[in-house]
Amino acid sequence: MRIICAKDYKDVSRKAANIISAQVILKPDCVLGLATGSSPIGTYQQLIRWYEKGDLDFAHVRTVNLDEYVGLSKDHDQSYAYFMRQNFFDHINIDQANCNIPNGMNPDAEAECARYDAVIKSLGGIDLQLLGLGPNGHIGFNEPCDEFVKGTNKVSLTKETIDANARFFASRDEVPKFAYTMGIGSIVNAQRVLMVVNGANKAQAVRDCFFGPISPRAPGSILQLHPDFTLVADEAALSLVKDLL
Ligand code: F6R
């Protein structure tokens, strides 16, 4: 595990974007695992700027997103498919036919999870997986539970996650209660894992996941075992572990 201390959100975003651009330059047809939420927005903005300057080419990049809310169509403005187009895909030269995300409108959870696992397999796995960290330690939408789930699965979002994501919806009641998420197995099978974390509200999760025992109660803790895991975090997110670094 490599921990990179950044000053603030902007610094987290630039450092993470540097790591992703190196990946795209080294392997132009790489498979990027992507995340939504507020944490990676600055990273995407930086990558867009470098693309606009002519430094990056996404023409052959393939992507798999971590998760999608069950019941939201790809055109719903809070769906993760919409988020990805708004915040990244519409601004770069990626072929959106090469961008994969679980289909939140498929009511058959078993079929959708099997389909998504087959997509990841057909791509030959993930070269670099970008992650955020939930305030409760979740990665993707793999919430704290009794066991690590390997493959894509349908999860019941915890009260804490619904509360955290309510800021994006008109009211808490509108936040979907279920999501499809890539499993922990697919995440840890990525060749490289890069996590971006900022803000004091993540400090406890950083401590629990990366300085505590490996446990499905702190899902991100599994990354302690990954051979190429990089955490880029700002001072606030590292505030509870600064004496341990
Ligand atoms: C998003 C995802 C989630 C978020 C996490 C942090 O695709 O899988 O695990 O990364 O909830 O969200 P933010 O960045 O909004 O704090």
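Predicted model: local features only at pLDDT ≥ 70, side-chain atom pairs only at ≥ 80, totals over all residues.
Local features need pLDDT of at least 70 and side-chain atom pairs count only at pLDDT 80 or more, while totals for chains, interfaces and linings use all residues. Residues are numbered from 1 along each chain as its sequence is written, and side-chain values use heavy atoms, with hydrogens and water left out.

A salt bridge here is a side-chain nitrogen of Lys or Arg within 4 Å of a carboxyl oxygen of Asp or Glu. The count comes to nine salt bridges. Three of them are listed below.

| Pair | N to O distance |
|---|---|
| D127 and K27 | 3.0 Å |
| R85 and D75 | 3.1 Å |
| D146 and R217 | 2.5 Å |

D127 sits in the loop between α4 (109–122) and β6, and K27 in the loop between α1 (9–26) and β2, so this pair ties together parts 100 residues apart in sequence. Helices (H or I, at least four residues) and strands (E, at least two) are DSSP runs, numbered from the N terminus. Buried means under 20% relative accessible area, exposed over 50%, and partly exposed in between (1.4 Å probe, protein chains only). D127 is buried at 11%, whereas K27 is partly exposed at 32%.

R85 is one of the buried residues of helix α3 (residues 80–87), along with Y80, A81, F83 and M84. The buried residues of α3 pack against elements including α2 and α5 (159–165), where contact means heavy atoms within 4.5 Å.

N136 lies in the loop between β6 (128–131) and β7 (153–156) and is buried at 12% relative accessibility. Its contacts, not counting residues up to four places away in sequence, include E160 and R217.
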